[in-house]
Amino acid sequence: MLFRSLDALVLRINGRTLDRLQGQLERCKRIGRPAADVDQLFQAYLGFLDENPNLWTLLFEHRLSANIPLPDWYQEKIDRVLGLLETVLRPAFPGHQLREARDSAVVLWASFHGICSLASGGKLSIVSGQSASEMARRLTTLFLAGIPASQLALEGARNA
């Protein structure tokens, strides 16, 4: 009787889950080196998944009904969580490339989320003998190594 629908209830639960996830990620020690700081965030994210598998599943598996818009307050929570990754990536982007840092944070998170989804579903061992932590570290290393090349490609596309 407190919520208009199942979607409204799930949004509230997921909002609290995002707050808890953000809190766990914010407790990570940062040293100003993107690779180390991203690794700390991802290890904390994996820890959150291990400690809260049902909340994590609800957060990513529930689909809102077609006529239910995503509330602004909920989008703000998502943006704050992604903003933590964006912040640790910024040193890899010289100057004021805030949009590139933001877009890269979303791509890196989505890639890492794929690893987490496979791990939580018990399917990671089908595609790799590596643990989720090992795969996350490799993803981070390759991703950060590719940033200079991607910046050159973006510059070339802008100048074309």
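# An all-helix pattern and its core

Read from one end of the sequence to the other, the protein follows the pattern α-α-α-α-α-α-α. The secondary structure comes to seven helices and zero strands. Please keep in mind that this is a predicted model.

**Overall dimensions and surface**

- The C-alpha trace spans about 55 × 40 × 30 Å along its principal axes.
- The protein has 160 residues, and 38% of them count as buried.
- Its accessible surface comes to about 9,700 Å², and carbon and sulfur atoms hold 56% of that area.
- Among contacts with a separation of 6 or more, 67% are between residues 24 or more positions apart.

**The largest nonpolar core**

- In soluble globular proteins, nonpolar side chains tend to be buried together.
- Here the largest nonpolar core has 35 residues, and the members that touch the most others are Leu-25, Leu-85, Leu-89, Leu-108 and Phe-112.
- At least two core residues come from each of α1 (6–26), α2 (34–51), α3 (53–61), α4 (72–89), α5 (98–120) and α7 (132–159).
- Helix α2 supplies the largest share of this core, with eight residues.

- A pair of aromatic rings is described by the distance of the centres and the angle of the planes.
- A search of the whole structure turns up five aromatic pairs.
- One of them joins Trp-56 and Phe-60, with ring centres 5.1 Å apart and planes at 55 degrees, so this pair is tilted.
- Both residues of that pair, Trp-56 and Phe-60, belong to helix α3, where they are four residues apart, about one turn of the helix.
- Trp-56 counts as buried at 2% relative accessibility, whereas Phe-60 is partly exposed with a relative accessible area of 26%.
- Phe-60 also forms a tilted pair with Trp-109, at 5.8 Å centre to centre and 35 degrees between the planes.
- Because Phe-60 lies in helix α3 and Trp-109 in helix α5, this pair ties together parts that are 49 residues apart in sequence.
- Trp-109 counts as partly exposed, at 23% relative accessibility.
- Elsewhere, Phe-42, Tyr-45 and Phe-112 are linked by ring pairs into a cluster.

**Cysteines**

- A disulfide is a covalent bond between the sulfur atoms of two cysteines.
- How many disulfides does the protein have? The count comes to zero.
- The cysteine sulfur closest to that of Cys-28 is in Cys-116, and at 13 Å it is too far for a bond; the cut-off for the two sulfur atoms is 2.5 Å.
- Cys-116 is likewise in no disulfide, with the sulfur of Cys-28 as its nearest cysteine sulfur.
- Are these two cysteines buried or exposed? Cys-28 is buried, with a relative accessible area of 13%, and Cys-116 is buried too, with a relative accessible area of 0%.

Note on methods. Residues are numbered from 1 along each chain as its sequence is written. This is a predicted model: local features need pLDDT of at least 70, side-chain atom pairs count only at pLDDT 80 or more; totals for chains, interfaces and linings use all residues. Side-chain values use heavy atoms; hydrogens and water are left out. A nonpolar core is a set of buried Ala, Val, Leu, Ile, Met, Phe, Trp, Tyr and Cys residues joined through side-chain atoms within 4.5 Å. Buried means under 20% relative accessible area, exposed over 50%, partly exposed in between (1.4 Å probe, protein chains only). Rings of Phe, Tyr and Trp (its six-membered ring) pair if their centres lie within 6.5 Å; planes under 30 degrees apart count as stacked, over 60 as edge-to-face and the rest as tilted. Contact means heavy atoms within 4.5 Å. Accessible areas come from the Shrake-Rupley method with a 1.4 Å probe; for residues, only the protein chains shown count as cover.
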